[in-house]
Amino acid sequence: MIHSIPELPYPHDALSPVLSAETIEYHYGKHFQTYIDNLNKLVEDSPYEDMEIDEIVMKAGGAVFNNAAQAWNHDFYFQTLVPGGTEMPEILEEKIVKAFGSTADFKADFIKAAATLFGSGWAWLCEDKEENLVITQTQNAENPMTQGLKPLLTVDVWEHAYYIDYRNRRAAYLEALWDIIDWKKVAGRL
Ligand code: MN
C-alpha cells in the first residue's frame, strides 16, 4: 500500500493570519510529506506493507512507528483546523464542563499542557474508556491511542508548527490557534 498525503480541506492561505501560507507550505507540504515519504520507504517489503496508518501506529515501534504516528498526528491536526473556527456543539460543551468546570477552564488547562510540554510533541483532548474527557501530552511522535485513549483534538507543539509565524512564542501560537479549531469536528469524534 502506498500512503499519500491527505488533501487539506482549505486553501494554503485560508488560516492566515493565525497560520501563514508559508507555515502551511513548510509544515504540511514538507514536514508532513516527509513523514509520508519515509513511511512508504520503511514499510516496503515489511510486515506493515498492507496496513493502514492507524494499524501501523498500534503495532509498530522504532522508525516505522515514528513516521506512521507523525503522519497520523499531522492529518488529525490539519483536519481539525478551519478558517474562523466553528461553534462548540452542546454535546461537547457539556462533557467539557463536566470534566474541567467550564470551557474557559478547559482552554486554560489545555493551553497550559501544550505550553509546558518540554521539547517536541503534542497536546491532546481525549476520551478515556469511561467516556470521560482528559487532557494529555505526548513526546515526539507518541499517540494516545497506544494508551487506550480516543483522540478528539490535538495541537502540534513541535517548533516547526509555529516558528515561522511566532518564533519562540509558543503560548501566542496556542492562543491564536484556538480561534481556528473546528469544534464540530472535535464533537463528531466523541
Ligand atoms: Mn508538525
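**Entry 1: Ser 20**

I started at Ser 20, which sits in the segment before H1. The model is predicted. I looked up the burial of Ser 20: its relative accessible area is 17%. The cut-off for buried is under 20%, so Ser 20 counts as buried. Next I listed its contacts, setting aside neighbours within four places in sequence. That left His 12, Ile 164 and Asp 165.

**Entry 2: H1 against H3**

I moved on to helix H1, residues 21–43, and helix H3, residues 62–79. Their axes come within 9 Å. The crossing angle is roughly 145 degrees. I noted the hand of the crossing as left-handed. From H1 they include Ile 24, His 27, Tyr 28, Phe 32 and Leu 39. From H3 they include Val 64, Ala 68, Ala 71, His 74 and Phe 78. I sorted the contact residues of H1 with H3 by class: 14 are nonpolar, five polar and one charged.

**Entry 3: the manganese ion**

Which residues coordinate the manganese ion? I found His 27, His 74 and His 160, each through NE2, and Asp 156 through OD. The distances run from 1.9 to 2.1 Å. I wrote the spacing of the donor residues as H-x46-H-x81-D-x3-H. His 27 belongs to H1 and Asp 156 to strand E3, residues 150–156, so this pair ties together parts that are 129 residues apart in sequence. I also checked burial here: His 27 and Asp 156 are both buried.

Key
Residues are numbered from 1 along each chain as its sequence is written. This is a predicted model: local features need pLDDT of at least 70, side-chain atom pairs count only at pLDDT 80 or more; totals for chains, interfaces and linings use all residues. Side-chain values use heavy atoms; hydrogens and water are left out. Axes are lines fitted to C-alpha atoms, for helices over the stretch in contact, and angles run from 0 to 180 degrees between N-to-C directions. Helices (H or I, at least four residues) and strands (E, at least two) are DSSP runs, numbered from the N terminus. A crossing is left-handed if the near helix is turned anticlockwise from the far one by less than a right angle, and right-handed if clockwise. Contact means heavy atoms within 4.5 Å. Ala, Val, Leu, Ile, Met, Phe, Trp, Tyr, Cys and Pro count as nonpolar, Asp, Glu, Lys and Arg as charged, and the others, Gly among them, as polar. Donors are N, O and S atoms within 2.8 Å of the metal (3.2 Å for Na, K and Ca); water is not among the atoms, so sites may look incomplete. Buried means under 20% relative accessible area, exposed over 50%, partly exposed in between (1.4 Å probe, protein chains only).
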